[in-house]
Structure formats: structure tokens, C-alpha cells
Amino acid sequence: MKRLSLLAIFFVFTLSACGGVKTTSPNSPDAQASQFTVPDNPNAKASQAIVENWIVAYQTSEAEALLSLWSDDITWSACTNSPCAAYYLADLKHYVPRDFKNPEFKVEIQSYLITTSGKYAIVQALYADPMVGLRTPTPAVAILEFKDGKISKETWYW
């Protein structure tokens, strides 16, 4: 857990050095409390649009909306142990609808930042998923990688 925390802190400090403009997410249910850092360039703004749709899909439990944001070669990883558990689109098409139907599954986004190039986003959240043993909201970080207007990698650390 200590190694995971250090890794998350490293990513946040590294990417915060990338620069950007703090904005308030228009889709956040608690827009006043959330911080979002997005560089002022077209690639970063395009990634921001994907992240905003990703947030809405998680918060409204819209499985099809979330699935539509991922590339056909998506790698979704949960890095709670070593090595990370990897899932692919076929797996996600099964797991996402099931998870979203569970009233205890929750993802509450607290903040995010997007790199200057727009290739990555780091998302800070509270994550609860009873299917993996997380019954109470747990601090988590998701790293999203974008390729061709889709999320090609989504890696969660908690």
C-alpha cells in the first residue's frame, strides 16, 4: 500500500508540473469541491471531453456509454496486487453492466488533470466495488491513456 501511495503521489506531482488551467467540471455533481486541471490546447481539450463523458458514465451507471469510450484494444487494469490484473473489451462487456447494476458499486470523482500533450489523464476518486472486496469508498487513482479519440488504457490503483 505504501508503494502504491508513493507511486500515485509521484504521478500527481509529475503531471502537475505539466501545466494547465484549473477548471470546474460542468458534469460534476459537486462542482464547487472538485478541481480539474486541463492545459489550454486542442489535444488536451479533446481528452477533457472524453474524461467528462467517462465521469458521467461512471456516475450514472451507464454501461453502454462507458463501453463506447474505450478502444477495441482497451486494457483495463486493477493494480491492487502485483502483478496487475488486466481485462480487455470482451471482459468489460460482461463486467461493467453487472457492476453498474450493483447499488453498492460507486465511483466518486474528486479531481483530475490532463497532461499537456493530452495523451494521459490522472483521476483521483473514491472507489467502492463489493465484487473485489471494497465495500466502503476507498481512495483510488485511475490513469487513462488516449489514442485516436478513445481510451486505450485505464489503470486503477487503490
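Trainee: Which residues does Pro139 touch, not counting residues up to four places away in sequence?

Mentor: Pro139 touches Ala125, Leu126, Tyr157 and Trp158. Contact means heavy atoms within 4.5 Å. This is a predicted model, where local features need pLDDT of at least 70, side-chain atom pairs count only at pLDDT 80 or more, and totals for chains, interfaces and linings use all residues. Residues are numbered from 1 along each chain as its sequence is written, and side-chain values use heavy atoms, with hydrogens and water left out.

Trainee: Where does Pro139 lie?

Mentor: In strand E7, residues 134–147. Strands (E, at least two residues) and helices (H or I, at least four) are DSSP runs, numbered from the N terminus. Pro139 and Leu126 are 13 residues apart in sequence, yet their C-alpha atoms are 4.7 Å apart in space.

Trainee: Why is Pro139 called exposed?

Mentor: Its relative accessibility is 58%. Exposed means over 50% relative accessible area, buried under 20%, and partly exposed in between (1.4 Å probe, protein chains only). So Pro139 counts as exposed.

Trainee: What makes the link of Cys79 and Cys84 a disulfide?

Mentor: The S to S distance is 1.9 Å. A disulfide is a pair of cysteine sulfur atoms within 2.5 Å, so the pair qualifies. The structure holds 1 disulfide. Its link is right-handed, with 110° about the S-S bond.

Trainee: Why is Thr115 called buried?

Mentor: Its relative accessibility is 5%, so Thr115 counts as buried. Thr115 is found in the loop between strand E5 (106–114) and strand E6 (120–129).

Trainee: How far is the backbone nitrogen of Lys119 from a polar atom of the side chain of Thr115?

Mentor: The two atoms lie 3.5 Å apart.

Trainee: What stands out about the phi of Ser61?

Mentor: Ser61 has a positive phi of about 55°, although it is not a glycine. Most residues other than glycine have a negative phi. Ser61 lies in the loop between helix H2 (42–60) and helix H3 (63–69). Its relative accessible area is 31%, so Ser61 is partly exposed.

Trainee: What about the phi of Asp148?

Mentor: Asp148 has a positive phi of about 55° and is not a glycine. Asp148 is found in the loop between E7 and strand E8 (150–157).

Trainee: Why is Asp148 called exposed?

Mentor: Its relative accessibility is 74%, so Asp148 counts as exposed.

How values were computed
Polar contact = N/O pair within 3.5 Å; in protein donor to acceptor, adjacent residues only side chain to side chain.
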